[in-house]
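Here is a short report on the pockets of one protein and on one of its helices. Please keep the sequence and the model in view while reading.

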Amino acid sequence: MVPPVASRFVAGTTPAEALERARRLNERNVKAIVNLLGEHYDDRPPVAADVAEYRTLVEDIATSRLEACISVKPTQLGLGLGADVFRRELADVAAAAADHDVFCWIDMEDHTTTDATLEGFEEVARAHDGGVGVCLQANLKRTREDVERLADAPGKIRLVKGAYDEPASIAYRDHTEVNRAYEELLEYAFERYDGGIAVGSHDPAMIDRARSLHEEYGTDFEIQMLMGVREDAQYDLAEEYDVWQYVPYGGRWLSYFARRVAERKENALFAARAVLGR
Ligand code: FAD
């Protein structure tokens, strides 16, 4: 069971709890991106177990007629065991998702995984006529080229600022530089892409920028935010835009929760108050 202190950020430990969360979000016009927590596997049993769970999950999403999709992590699908393992498992999950008409996102991990992740994405996006999306990180200097490379590819991109601590030789480390890169990438994507852009950010400035680019170019986009972060804004935005909430669940909730607490002072205060019952 996920203790109350973590339940703001994590839907529960079981698929049923994640789907119940999706159902409640759908009632408020927000769609769910369901993620089974898991990463950095270095042997096959957890990879096989998570792939099996995703197969059942997409079936359950389809039968329950929820507005929901899935998001997977490359090292959860065996990238640490080899690019061939990752591509095979990704093909398996993407095919199951496509069979049930459920969209499949691929999260992006640290820079050592970017090439293999993009290659895997391009393969499954071609195979499933765009029913797949990949996350791109504005803090990486290479991302401008990646956004250009994917402009005419099938599938969607989710643009985020980047959650990994990357070296200065390959990444912008200063917030101002990351924000500038994010805005430039947004502008390029809205101008060149034919839709399929997800703005994965809680930042009001980036969301406003996306809204004005949408007005300027008419390009379709969606907004994605995390469970437990600016939820009131998510419900407000959903009255006008396509809004998706990233809903993590699973037994491996502790490290995800610790990351949310570490990244923002307010989250730490919230956690402390919940533990103290105040
Ligand atoms: P920040 O720069 O953190 O914050 C900017 C402003 O946003 C703040 O000043 C504040 O106004 C507002 N804000 C931010 N957080 C809060 C809060 N908790 N409460 C209130 N206001 C807040 N990263 C990856 O590297 N790979 C991934 O695959 C990935 N997937 C993601 C999927 C989704 C749906 C989302 C939303 C993020 C994902 N990320 C991923 C994380 C991302 O890279 C950032 O680390 C994270 O979103 C923080 O950046 P930000 O754009 O939200 O804004």
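Predicted model: local features only at pLDDT ≥ 70, side-chain atom pairs only at ≥ 80, totals over all residues.

## Largest pocket

The largest pocket holds about 1,600 Å³ of space. Its lining counts 49 residues. Nearest the centre lie Gly162, Ala163, Leu226, Arg260 and Glu263. By class, the lining has 18 nonpolar, 14 polar and 17 charged residues.

At least two lining residues each come from the strands β1 (31-36), β4 (132-137), β5 (156-160), β7 (221-226) and β8 (242-249). The helices α6 (175-192), α9 (253-263) and α10 (265-276) also each supply at least two. Helix α9 gives the most, with 5 residues.

## Second largest pocket

The second largest pocket has a volume of about 180 Å³. It is lined by 15 residues. Leu66, Ala68, Asp101, Val102 and Phe103 are the ones nearest its centre.

Helix α2 (44-63) and strand β2 (68-72) each supply at least two residues of this lining. The lining divides into 9 nonpolar, 1 polar and 5 charged residues.

## Helix α4

Buried residues of α4 include Thr114, Leu118, Phe121, Glu122 and Val124. The buried residues of this helix pack against the helices α3 (83-99) and α5 (143-149). They also pack against the strands β3 (104-106), β4 and β5. After α4 comes Asp129, with a positive phi near 50°.

How values were computed:
Residues numbered from 1 in each chain as written. Heavy atoms only, no water. 1 Å grid on protein atoms, 1.4 Å probe; cavity = no way out; pocket = protein on both sides within 12 Å on 5 of 7 lines; lining within 4 Å. Points joined across faces, edges and corners; volume = space filled by probe spheres on them. Helix = DSSP H or I, 4+ residues; strand = E, 2+ residues; numbered from the N terminus. Nonpolar A, V, L, I, M, F, W, Y, C, P; charged D, E, K, R; others polar. Buried < 20%, exposed > 50% of the residue type's maximum accessible area, 1.4 Å probe, protein only. Contact = heavy atoms within 4.5 Å.
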